[in-house]
Structures are given as structure tokens and as C-alpha cells.
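Welcome! Please take a moment with the view below before reading on.

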Amino acid sequence: MQTASDAFGFAFDNSYARDLEGFYVPWQGANAPAPQVLRLNTALARELGLNPDALQTTEGAKALTGAQAPQGATPLAMAYAGHQFGGFSPQLGDGRALLLGEVIDHEGQRRDIHLKGSGRTPFSRGGDGKAVLGPVLREYLMGEAMHALHIPTTRALAACTTGEAVLRDARLAQGAVLARVAASHLRVGTFQFFAARGEIDELRRLMDYTIARHHPDLADTPNRALHLLRRTLARQSELIAQWMGVGFVHGVMNTDNMALSGETIDYGPCAFMDQYDPATVFSSIDRNGRYAYANQPGIARWNLARLAETLLPFLSEDDDAAIHAATAEIDAFTERYEADWLAVMRAKLGLTTAEEGDFALAHGLLKAMEGQGADFTNSFRSLADVALGDTSALRAQFTNPEDAMDWQEGWLARLARDPVVPEARATAMNCVNPLYIPRNHLVEAALGAANSGDMAPFDQLLSVLATPFTQRAGMEAFARPAPESFTNFRTFCGT
Ligand code: AMP
Ligand code: MG
């Protein structure tokens, strides 16, 4: 039941509001004193059938900050729970966000339009309901970078300023709202919210809604709960394997930040690693390294076990049988993840065939890089040149290049058994090993300048990250590792 579109082009069809009454609170965004669209993702706006010119007006800014809901919107704050750093909060919910509504994009896909920083809601607890410019632009940049890397992610539609000063860390910052687009905002924590309250009928509605939205082919399958669990495990496994392949550290893999759609969601203290170190942690609040780079697959499995628990009532009428079925699915995650990771690594290593020893070969490179100061991104990127006979760029990554040479010998021997001509292999490798990632020092510089009113560095970085695999003349600085001063870089949660 799509509403007619307004001047902005929103043709809302709000299934969450319609089908899931009781799962949210209808709510309005806060008034913004002087809303302005700072950046609009015009390509994405067009994909959604929106009119970029209309959105870039003051009226558009009111719509994109939540100050004035556009025609057909049914803004609402969603209820969800979540395990945060292992501890369960039975009620989190959208404390500073609103689902404005859903639209159907040009490919027929349903997409949520969601506002972050739109004011207090009944779920705000002690929070002010606001967001500020730095973190909003950070999520914009990181999400768009991930999208360009072909990794499933929510995307930024717009970054708006509200004209309001917001207190953060005893300082005033510019209030801002991120309008983002997602395949849905169904979280592991959404299921946990109802499971914790023992609301089985609500859980069943949620499960059916999730299946209708993300796996419509499962609607009439016997044992659909089991299939939903299996599919969700598969999507997360693929997602985390892709994160690992680009050195991405999410930083706050709480169950409320894990989406059933399989998209990366809620960019807070996330960052890309420079030097390879499996223990890499960026978030200042992650003191025990729970969400360190190498822990991500294990944490994903743990989160998915929490999802499985919520589905137990639907897996079998017999409690033991339900637990048995759920456990078998969760146990299978490790093997599934290893296969997904190996597929990512095979592509990164330029392999088109499979051999028993490939897992050890991929691990061997990582082991060789460890403690050598090797830049994760640039080491992998250099492999295409090695495949063409130039070993200098790989050697340059290592404090002790001989360690790289031992591994390289084994890899080249393996390539000799893989039937691809070197040029084609190098081209394929350069399509999966990025040259440009959002390096921390560049992101910080861009956000610092934006806070002072200079958007040029942000725009340039965004533009370079839009084509991360294509070398561009004059952009050498964007491919360089961070200076020494960034060795112990920390990110802050960005509320
Ligand atoms: P996050 O760390 O952004 O995933 O948020 C975790 C929870 O805290 C969610 O329920 C958010 O809605 C809530 N939250 C984060 N920041 C704020 C804020 N400034 N005001 C109100 N709620 C917030
Ligand atoms: Mg969150």
C-alpha cells in the first residue's frame, strides 16, 4: 500500500508500522532550530526514487532531520534489547533514532529510511537523543567505503546539521542527524526484546515478518524457524569473512548492532587496521579487547547463539530437541565461517582453484606479517605485482623481508598449479584487494576540517573511497599507511 509521492519523491509503504503494532512507539523528531542538508547522497536518493533538488532545500532538511515528517511517513522508535559487551539490557530501543518509513527502490527492494540523532524518544534513558557532526560524518564515510568495497552495509542518504549546539565531553559540538538506508533494522536484539519478556506470540510475528521481508521463499517451509536461523548464520558468516578480508574492526558487536539482513550496521568506534595485528582494538571503551579484530568471528557466533535461543520455542515442541537443533546450527557456524573466510582469502591470493593446503597458505601470510609492521591493505595489494614478477612492494612491507620471501616461494609454487595467465590474475586480484581504505589519520583529518567548516577533505576522501580498487593519479597519499603518531589510535563511541 504505497502512498503517492510528495515533492521529495517519498512513496512510503510502511510495513513495520502496519504489521508490527506493539513493537514500537509512534514518535516525532525534535524540532531543529536551523536544519540544513550538509551532504546528500544524490545517487542513492535517485535509487530510492527521491528528488535530490527538493531534498536539498530547508524543507528537505526538515524532513531529513525528523523536524517535520514528510507526507506518508509514520515515524516510530523501535523497541529492542541487547547484550552489550556481554551484559544483557532487556530494554534499549531507538533512544535517538526514528524509522521514518520504508520505500521500494528501483530494483524493487524494500529499504528503511532511518534517522539517527533526531531527538529523545521513550527509549532514551539518560541520553539526550542527539548526534553530533563528527560521528555522523564518520558513519557516512565508513558506510559508503564499505559499500564501495562490495560489503553489505547500511548506507548514508544525508548528513544534516540542526543548527543546535550539543554538549559532548564537556564541549559544545554541532548537532547533526544522519539519514541512513538499510534493508531493515531487524536486530538480534529485536528478537531478544520479546524473548526476554516471554512474549511468544510477538516473537512469532517478528519471525514471520523477518521471513516475509528477507526470505520470502521460506514462508511456507516446514520448520521455517530453523531455516531462518540457518540463513541468518550464513549471511553473518559471509559478512564477517568480508570484514576480515579488508581489516575492518566493527568495535561494538553488541547483539543490538547485529542485523538479520546481514548488513553491517551501527558504525560507531569502527576502524580499519593499518599494520596487521590480530589483537587490534580501536574502541576506547573496549578495554578487554572483546571485539578485537581476530575475535569477530567468535563474537558473531556468540551473538547468533543468542538469536538461536530466542527461536527455541519454534524449533521443536520438545525442549531438548529444540536445544539440540539450535546447537547443531551454531556448531556448524565455525566450519561455515572458515569456508567463507577461505573463499575471501583465495580471491585475495589470486587463486581460482582449491587445494587442501590453501588454508595454511593464507594463514602463513598473516603469520609472516605479524610483528613485521606490514600494512594489511598494502601487503595484499602488492601481491598482484609479485604475481607479475615484481617483489619490491611486498618486501617493503616487512621489517625483515626474508620472512616474506619464504612465504612468497610457497605461494608462487601454488600459483604455478593454478591455471590463469599472470595478467588476468593480477587484474582479478586488484579487484578484491583495495588500494584505498578509510585510514584513521585521513578520516580524523577530514572530520576535524569538517568541524571547522571545511568540507573539502571529507569530499575528497569520500570520492577516493568510492573507487577503492582503482589507482588514481595524484592520490598516492591516500594509499599510504598512517604516520607513527597513529600507532595507538583510539576511537570513541561517537554518541
Ligand atoms: P549504540 O551504541 O549507538 O549502538 O547505542 C546503544 C543504545 O544507546 C541504543 O539504544 C541507542 O539508541 C542508545 N543511545 C546512544 N546514544 C544515545 C543518545 N545520545 N541519546 C539517547 N540514546 C542513545
Ligand atoms: Mg546500535
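Predicted model: local features only at pLDDT ≥ 70, side-chain atom pairs only at ≥ 80, totals over all residues.

The sections below go through the domains, the interface, the ligand and the salt bridges.

How many residues of domain 1 are in contact with domain 2? There are 40 of them, and they touch 40 residues of domain 2.

## Where the domains meet

About 3,300 Å² of area is buried between domain 1 and domain 2, and carbon and sulfur atoms give 60% of it. On the side of domain 1, the residues that lose the most area to domain 2 are Phe-23, His-83 and Phe-85, which together make up 21% of what that side buries.

Polar groups meet here too: 19 residue pairs are in polar contact between domain 1 and domain 2, counting pairs with both residues at pLDDT 80 or more. Several elements give two or more residues to the side of domain 1 that touches domain 2, among them helix H1 (15-19), strand S4 (82-84) and strand S10 (171-182). Helix H5 gives the most to that side, with 5 residues. Sorted by class, the side of domain 1 that touches domain 2 has 17 nonpolar, 13 polar and 10 charged residues.

## Around ligand 1

Now let us turn to the ligand. Ligand 1 is surrounded by 18 residues, and the closest are Gly-93, Gly-95, Arg-125, Asp-128 and Gly-129.

A polar backbone atom of Gly-93 is 2.6 Å from an oxygen atom of ligand 1, and a polar backbone atom of Gly-95 is 2.7 Å from an oxygen atom of the ligand. With Asp-128 the side chain takes part: one of its N or O atoms is 3.0 Å from a nitrogen atom of ligand 1.

## Salt bridges

Side chains of opposite charge can pair when their charged atoms come close. Across the whole structure, a search finds 37 salt bridges. The interface of domain 1 and domain 2 has 4 salt bridges across it. Elsewhere in the list, Arg-180 pairs with Asp-266 in a salt bridge whose closest N and O atoms are 2.7 Å apart.

Which residue meets Asp-358 in a salt bridge? The partner is Arg-346, at 2.7 Å from N to O. Asp-358 belongs to helix H11 (residues 358-369) and Arg-346 to helix H10 (residues 319-348), so this pair ties together parts that are 12 residues apart in sequence.

Definitions and conventions: Residues numbered from 1 in each chain as written. Chains lettered and ligands numbered in written order. Heavy atoms only, no water. Contact = heavy atoms within 4.5 Å. Buried area = accessible area lost by both parts, 1.4 Å probe. Salt bridge = Lys/Arg side-chain N within 4 Å of Asp/Glu carboxyl O. Polar contact = N/O pair within 3.5 Å; in protein donor to acceptor, adjacent residues only side chain to side chain. Helix = DSSP H or I, 4+ residues; strand = E, 2+ residues; numbered from the N terminus. Nonpolar A, V, L, I, M, F, W, Y, C, P; charged D, E, K, R; others polar. Near = heavy atom within 4 Å.
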